[in-house]
Amino acid sequence: MEIGVSTASLYPLHAEDAFSELAQLGVKTAEVFANAECEAREPILDQICSIRDEYGMRVSSFHPFSSPMESVYLFSDYDRRIDEMMTMYRRFFGSMNALGAKVFVLHGAILSSKCTVSHYFKQFRMLSEAGREFGVTVAQENVAYCLSGRLEFLKMMKRELGDYAKFVLDLKQARRSGENPLEYVDALGGSIVHCHLSDANGDKDCLPIGKGNFDFSGFMRKILSKGFDGAFIVELYRNNYSEFSELKSSVDILSEIADKIS
């Protein structure tokens with residue numbers, strides 16, 4: 001069972017600096033969030049790989065800065081923009097091969113987009129097929145302000161796309177959609193391949209692990225019972241915590257829970 005942190009949690013540090021901070025904290029698994037295209041190519045890519053090797057780390061996943069562009073590029077009807085994003089994302093898949101990352105995190109079209117369900121699924125399958133050429137799994141994240149923010153939409157994806165439908169479950173985004181994360185686990189089961197974790201209480205929906213009251217033991221038991229074998233990645237916003245050490249503490253708490261239930 002892999003437990004780690006997303007470099008997005010250290011924004012606005014540059015990706016390589018965020019990765020280095022996690023390495024020095026003793027975090028062994030990380031998601032790389034590229035906040036610029038240059039962070040997915042040389043020489044920065046090589047710096048991240050060197051840090052990974054020096055500290056014996058693993059990169060579980062890759063999240064692109066371009067998520068807000070997906071509505072008007074990948075999920076549009078405009079062929080040239082679609083081609084441009086497919087070219088960019090193929091480059092990212094190649095970068096993921098260098099990093100050793102297997103899961104590509106996709107936000108998808110926003111709620112106000114004019115993308116039809118049938119077009120969305122067609123485009124998602126096209127990107128998934130491209131990812132498979134690189135040994136990469138394209139996974140749809142539940143995002144409150146996107147079409148993917150509704151569980152019914154994700155259930156439809158699973159029915160219509162079959163084995164192509166893979167998901168990232170983000171706890172804070174489920175909360176922001178007003179939905180119970182456990183219902184996502186029940187509905188999507190083994191199609192969930194990656195998790196973004198954060199704690200919460202009655203006032204705040206995104207906190208370091210242990211600073212809220214979410215039942216991580218019950219959650220982890222449930223998702224593991226469905227065959228989940230992906231990574232549990234702590235993903236916080238920078239204003240959700242004070243010190244970088246809280247990221248490592250979050251990993252340690254999750255690791256203790258995992259040891260007790262394994």
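## Close-up views of a predicted model

**View 1. Leaving out residues up to four places away in sequence, D170 touches E141, N142, H196 and E235.** Contact here means heavy atoms within 4.5 Å. The model is a predicted one, in which local features need pLDDT of at least 70 and side-chain atom pairs count only at pLDDT 80 or more, while totals for chains, interfaces and linings use all residues. Residues are numbered from 1 along each chain as its sequence is written, and side-chain values use heavy atoms, with hydrogens and water left out. D170 belongs to strand 6, which covers residues 167–170; helices (H or I, at least four residues) and strands (E, at least two) are DSSP runs numbered from the N terminus. D170 counts as buried because its relative accessibility is 1%, where buried means under 20% relative accessible area, exposed over 50% and partly exposed in between, with a 1.4 Å probe and protein chains only. The side chain of D170 also makes a polar contact with the side chain of K172 at 3.0 Å, a polar contact being a pair of N or O atoms within 3.5 Å of which, within protein, one must be able to donate a hydrogen and the other to accept it, and residues adjacent in sequence count only if both atoms are side-chain atoms.

**View 2. D199 sits in the loop between strand 7 (192–197) and helix 8 (216–225).** With a relative accessible area of 1%, D199 is buried. Its side chain reaches the backbone nitrogen of G210 at 2.9 Å, and the side chain of D199 reaches the backbone nitrogen of F214 at 3.0 Å. Not counting residues up to four places away in sequence, D199 touches a set of residues that includes R175, D205, G210, F214 and F216. D199 and C115 are 84 residues apart in sequence and 33 Å apart in space, C-alpha to C-alpha.

**View 3. L13 lies in the loop between strand 1 and helix 1.** With a relative accessible area of 29%, L13 is partly exposed. Leaving aside neighbours within four places in sequence, L13 is in contact with A18, E21 and F244.

**View 4. A cis peptide bond, with omega of about 5 degrees, joins E42 and P43.** P43 is found in the loop between strand 2 (29–34) and helix 2 (44–55).

**View 5. The largest pocket has a volume of about 290 Å³.** Of the 16 residues that line the largest pocket, A8, F33, E235, L236 and Y237 are the closest to its centre. On a 1 Å grid over the protein atoms alone, a pocket is an open set of points where a 1.4 Å probe fits, with protein on both sides within 12 Å along at least five of seven lines, and lining residues have an atom within 4 Å of a point. Grid points are joined across faces, edges and corners, and the volume is the space filled by probe spheres set on the points.
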